[in-house]
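Have a look at what's on the screen, and I'll talk you through a few places.

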Amino acid sequence: MKFINKAVLSIVLAGSCLLGSCDSALQVDPRQSIDANGALNTPDAVDAALNSVYSRLRSAANYGRNLFALSDALADVGQTTSNSGRLIGENNNQPNAHFNGTIQNTNIWLNSYFAINEANLILDALGTVQGASAAQLARWEGESKFLRALYYFDLIKIYSYIPTAIYQPGVTDEGGIPLVTEGVITSQAAFNRQTPRATINAVYDQIYSDLEDAKRLLTSRGVQYGSSAAASALLSRVALYRGDWAKAVSESTLALDSSVGVVLEGDAYVSGWRAPVNPESMFEVRFALAEEAIGVNESLQSSFTALLNLSNKNAQGGWGDFIPNATVRDFFGLSQIQIGEPASDNNNWDVTRNDDVRAGLYTTGNNVRGAGRQIECTKFMSKSGFAYGDNVPVIRKSEMHLNRAEANYQLGNAGAALAELNAFKGLRGLEEVDLAGEALLEEILLERFKEFAFEGQRFFDLKRYGRPIVKTTPSVRVEFDDFRILPPLPQREVDGNTNLNQNRGY
Amino acid sequence: MTHQANSKLSLETNINLSTFQQNVPFAVSGSFLGSPAFSSSAILPHNAIYNEDGTFNTAIGGVLGQNVVLVNEYNSGLQRTNTVVGNMIGTYKILPNLSFRSLFGIDYRLLQGDRYTDPRTPDGAGVRGRSSQQQDWRTRFITTQTLNWNKTYNGVHNLSALVGFEFLSETREGINGAGIGFPTFQFRTIQSAATPESLSGFWTGYRRVGFFGSVNYDYKKKYLATVTARYDGSSRFGEDNRYGLFPSIRVGWSMVEEEFLKSSSVVSELKLRASYGLTGNDQIGNFAARGLYTGAGNYSGNAGIRPSSLANLNLGWETNTTLNFGVDYGFFGNRLTGSVDIFDRRTKDLLLDQPILWTNGFSDIANNVGELQNKGIEVEVSGVILDRGGFRWNSTFNFTYIKNQVISLYDDLEFLPANPGIAVGQPVGNPAFAGDQAPGAWFTQEYAGVNPSNGRPMWYDINRNITYLPLAADRIYYGSNLATHYGGFNNTLSYKGFELTAFFTYEYGAIVTDGQYNFLRENGTRLTLNALREVNDRSWREPGQITDIPRNLTTNAGNETRGASRNTGTASLLKADFIRLSQVTVGYNFNPTLISKIGLSRARVYVQGLNLWTYTDYPGYDPEFTGAATGLIPLTKNYTVGVQIGF
C-alpha cells in the first residue's frame, strides 16, 4: 500500500512541479542535527553545547593522553619501551615529534580551537537564550570562560615560550597564538578570518580576564565542572608561568581555602588515586562511560602500564609504552623484586619502595604481550570502572602548596617557602630539609617533579625556567635555544593563513 | 510479469527478492594487529602458529603479538544484505506514434552486520569480549514519467522526441550498538553482554527532481543529430542554488553511407561524431550545504551538541562540459575496426571540501572551488590478425591518455588554502573511494637518497641543496595517484573447438604511497617487524655505497636524531606502473553435432586464471589498489576449472 501511496504522491508531485514549484519536494531536513541558526536559544541547548566544550578535553589530543603522556615523554621523566612504538620520537625529541598530530584525535591545536569556537558561540548567544535565569546565565558565562582560559593556556604553553623564559624576546616569529574571542558560525567569517599570532602578553591577559570572570561568576557543582575554586587554582598556575608571583601566592591561598578538593597525606594519598574521583581534584576531566574510554592504544593507562588492573597482573592490558626512567625510579627507591613462586607469574613480582608514599603508585607490569616486565606508573588504572577509563585530574589541590612555595621563594619569602615545602614533604612521608637560596628553589622544583611525574608538568617546568632537557636513556640533550623546544604550528594552518608565522626551525 | 490490458495499455511489474550473506574477515584495511593482511607480512617468520601439541601459539612477542590465525579462528563476523527491488511500468499508446510511459521503482535494502571479538583474543581480553551489531536500511524510490513521439517524413527524415519528469528519493537509516563483558566465549550475541558499550544510529536522505527532453533526428541514417536538455534540482545544494540546466548536442555523419564510399572495398565503416554537452554532479554529503548543530560531545552522563557544519547557501551543481570528437572506422569488411576519440572535459564549479582554518572552529566546507580539466585521447583498434586453416586470432587493443589538471581556483588563488595539494596546473588525483574527496597532487619534499659517506637519508631543499631536515618551504609538486596512461589488450585464439583468451591491462603514470610497504621499508628499525630482503640488502652499510635505503639504526625508532624520518617526502612515493594478465582462459567446445546425440546443445570445458602474472617493479603487495594500502587484501590470483552444459 505504501508503494501505491508513493506512486500517487509522486504523480501529484510531478503535477505540482510542472506547475512550477518543486521547492517543497527538495526540502529534506536532517534528523540528527538542527539548524545552527537559533540552535542555542534554549537553556537545555546551552547546557548541551557546554557539555561538548568539556567533552573535548577528553580527546587524546588534550587530557585523554597528550597533555600528560606526550609532554612527559618530551621531558626527562621516563623512557619508552617500544612495545607499540608510540612516543619514541617525542621521547627522543626528534624534530617534528612534538604535539604535532595530523588528525583530529591527535591534534591539540584543532581540538582546542574547535572547543574555543564552541565556547565563543555560547558566550555570543547568551543574550538570546529564552527563559534563562540569572543564575544560569552566570554559570554558562563562567564555565565557558573557565574552559576558554584552560584551552588557551594549554595551547600557549605548548606553542609559545612561557613569559618567565622567552628565547630572544622580540623576534617576530616567536609570538603567542591566534587569539579569537568571537564565535564563527557563518561561512563568510570562516572563509575570511585570518587571525595572526597575538603577543604572548595579550593571550595571558585574556586568560587572566576569563579566569577572573569565572571566579566571580561560579560556585561549584562538582569537580568535573569549572568552579570558582578551580578558576583560582588554574590562575595560580597561570600566574606562576607568567612570573606574576604575588598573584600566584594569592590565588593558591584562595584555592587552598576553598572547600573544593582536599590535600591528602600518607596512604590516603595513594588510595586517592584508586578512587574513581581523586579527592585531591579541584578540576578533573570526567570519563563516565565505557564508550568514552580512549582505548588500548592511546589511553593514559595503556601509555603508562601493561597491566589491565592491579588485582591480577597476568591479565593482558595495554602497551606500557612509557615508563619511569632511572631518575624517577631513584626518587622512590624502585627496583624489581620477586615476592613469590613461580617467577613466571607476574603477580609474584613487585618493587622495593622507600619512605616516599608516592612510591606506592609504581609497581611491576607484566610480560603478557611478550615484552619484558617493567617498572610502571599506576596512576591510571581503569578507576572509572571500565577498561582504560580514568578521570584525569587537571588540577590537584596539592599543587597549590608547591605553587605557593615557589612563588614565595621568588618573592624573597624564603622562610614561608621552606615551611610550606617541609609541611608538604611531611604529607608525603619525607624528612624536612633545611635549605636556602638556589638550593631551596631546586628542592621545590624537585618536589614538583616527584609529585607530578606522569601528569605532564615537567616539560613546562623546565621550559619556564629556560632549562635544557637532559636525558641519559635515551641519550638526549636539548638546549633551551634549540628550536625543538617549540613544536611546529600545524602546517595546513600556516599554508592557509598568510598572517600566521610558523615557529622557528620548521 | 507483463499484462496487455488492452490494445493501448500494457502493464509490467517485476519484483526481485534476494538475500546475500557472507562471513567477513577481521579487517580489509588498516593496521589492525590481528588482521592477517596487515600482520602476516610484518610478523617475524620464526613465530610458529601452532605449538607442537597442536594448540595455538599465544607467546608471540613484540608489537605484533597476536596470532593472526587464532584471532581469525576465534572472532566471527557476518554481513547480510536483504534486498527487495520492484518496478511497475505502465505504457499507454495515446496515438500509434505517441506513447506515455510511467515507471515507479523501489529498491529496499537492509544491511545487517554482526561481529564478535572473542575474549580469548588479545583485543577482546581487556573488555572480555565485544559483540557489535549494525543495521542499515536503505530505501530508494524513483519514478519517471515520459512521453515518446516519433515520425518519419518522406521516408527519409526520422524524427523522434521525448519529454519527461523524474523524481528520486533516497534515505538511509541505521542503528548500531556494542556490548562488552561476556561470561565465556560461547556467548556471542549481544544480549549476553554485561555492559552496553555504545548505542548509536543515523538518518540521512536526499531527493532529486529532473525535467528532461530530447530530440533525435536522422536523415537516411547518414546524418544524425541529438539534442537533449535536463533541468535538475537536488536537495543537497544551498537554498539559493538547487537547480541546474544541462543541455547537450550530438551530431554524427555516417560517411560510409555516402555514395563515394558505398562501393569501397577497403572502407567498411566510417563515422564521424562530435558532441558537446553539460552534465551535473551532486556527489556531496546530503546536508553539506547546511549549517548545523549535531548531537555529539556528551559529558559526565549528559548529552552534548556542537556545530558540525557551516551553511553554504550558494553551494550548487558541479558542471562537466565535455567536448568530444570521434571517428569509428572499419576496413576490409570490418576485419580491422576501431575508434579514435579526442576529448576535453571541463569541470566547472568543482565540488570540493574547501579547508577552513582550524582556528575558525571548522575543518572544511563543501564549496564550488574552481575549474578542472580532463583532456585526452582514446584509441581502440580491433582486428583479425590471422584467419587461416581454421585458426583464428582476434586482437583488441585500447589506449587512453588523460591529462588532469586544475585550471583555476576561486579568487584567483594558486592553491587551495590549507590544502596546497589542490593547485592550479596540478592534477587532483584519484579519490580512494567513489564520492570521497580528491586527494590532490603530491606536494612534499623530494628525496635525494642516502649520503654515501655516512648512510643518512637526505632531501633536496627548495634551492636543490642537500638537507637532512627538510622544511615545509622545501615542498614541491610530484605528480598524483592518477594513472595518465592506461588501457587493455585482449587476444582470442581459436582452432577447431579450442579457444584461448588472454586479457592484459596496463597502467602508467600513477605515483602512490603504500602504507604497508612503508612499514616494511622501515627495515625493522622502529619496531620488531619483519623486513623485506631487497630493502635490507639495499640498506647502507659502508662508506661509498650508493643506495636509497638509509643505514640501520636501532635507537630512536630508527631515525637520525637530527633528521627527518626515513619515509619523509618522496622517499615513500612509488610508481604504480604495471602490465597485468588479468584473465587467461583455455576452453574446449565440443562439437554440437556430436553432443546432440546425448541431448545437449552446448558443452564446454575450460580453465580460467585471473591475475596470474604482473609485470611491475612495484615493491608493495600490488600496484593496483585504492586507499592507504595498509592491511590491504591485494588482488587475488584466482583459478577456475569449469564445465558449461546447455540443454
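So, helix H8 of chain A, and what's tucked away in there: the buried residues are Ile200(A), Val203(A), Tyr204(A), Gln206(A), Ile207(A), Asp210(A), Leu211(A), Ala214(A), Lys215(A) and Leu217(A). When I say buried, I mean 20 or more other C-beta atoms within 10 Å of the residue's own; exposed is 12 or fewer, partly exposed is in between, and the C-beta atoms are placed from the backbone. Helices (H or I, at least four residues) and strands (E, at least two) are DSSP runs, numbered from the N terminus.

Before I go on, this is a predicted model: local features need pLDDT of at least 70, side-chain atom pairs count only at pLDDT 80 or more, and totals for chains, interfaces and linings use all residues. Residues are numbered from 1 along each chain as its sequence is written, while chains are lettered from A and ligands numbered from 1 in the order in which they are written.

Back to H8(A). It covers residues 200-217, so that's 18 residues, and from first C-alpha to last it reaches 26 Å. That is close to the 26 Å expected at 1.5 Å a residue, where the expected span is 1.5 Å times one less than the number of residues.

What sits over those buried residues? Helix H6 (134-159) and helix H9 (228-242) of chain A are included in the cover. H6 of chain A is where you find Lys145(A). Is Lys145(A) buried or exposed? Lys145(A) is buried, because 28 other C-beta atoms lie within 10 Å. Leaving out residues up to four places away in sequence, Lys145(A) touches Asp210(A), Asp213(A) and Ala214(A); by touching I mean C-beta atoms, placed from the backbone, that lie within 7 Å. Two of those names, Asp210(A) and Ala214(A), were in the buried list for H8(A). As for Asp345(A), 200 residues from Lys145(A) in sequence, the C-alpha to C-alpha distance is 51 Å.

One bit of annotation on chain A. UniProt, in an unreviewed entry, puts the feature "domain: RagB/SusD" at residues 383-506; positions are in the numbering used here, feature names are shortened, and annotations may be inferred rather than shown by experiment. That span is 44% helix and 9% strand, with its end C-alpha atoms 40 Å apart.

Now, where the chains meet. Chain A puts 80 residues into the contact and chain B puts in 77. On the chain A side, H1 (2-18), E1, H2 (43-55), H4 (88-91), H5 (108-125), H7 (187-192) and H18 (491-496) each supply at least two residues. By class, that side has 41 nonpolar, 27 polar and 12 charged residues. Nonpolar here is Ala, Val, Leu, Ile, Met, Phe, Trp, Tyr, Cys and Pro; charged is Asp, Glu, Lys and Arg; the others, Gly among them, are polar.

Here's a part I like: a sheet with strands from both chains. The order is E1(A)-E11(B)-E12(B), 3 strands in an open sheet with antiparallel pairing. The edges, pairing on one side only, are E1 (33-35) of chain A and E12 (305-309) of chain B. Two strands count as paired if DSSP finds at least two bridges between them. E1(A) and E11(B) have 3 bridges, and Ser33(A) stands opposite Thr294(B). Between E11 (292-295) and E12 of chain B there are 4 bridges, with Tyr293(B) partnered by Pro307(B).

Chain B itself has 7 helices and 32 strands. Its C-alpha atoms fill a box of roughly 90 × 70 × 70 Å along the principal axes, and of its 647 residues, 30% count as buried.

Last stop, Thr528(B), in the loop between H5 (515-521) and H6 (533-538) of chain B. Thr528(B) counts as partly exposed because it has 19 C-beta neighbours inside 10 Å. Beyond its neighbours within four places in sequence, Thr528(B) is in contact with Leu44(B), Gly62(B) and Val63(B). Gly61(B) is 467 residues from Thr528(B) in sequence, yet 8.8 Å away in space, C-alpha to C-alpha.

How values were computed. Contact = placed C-beta atoms within 7 Å.
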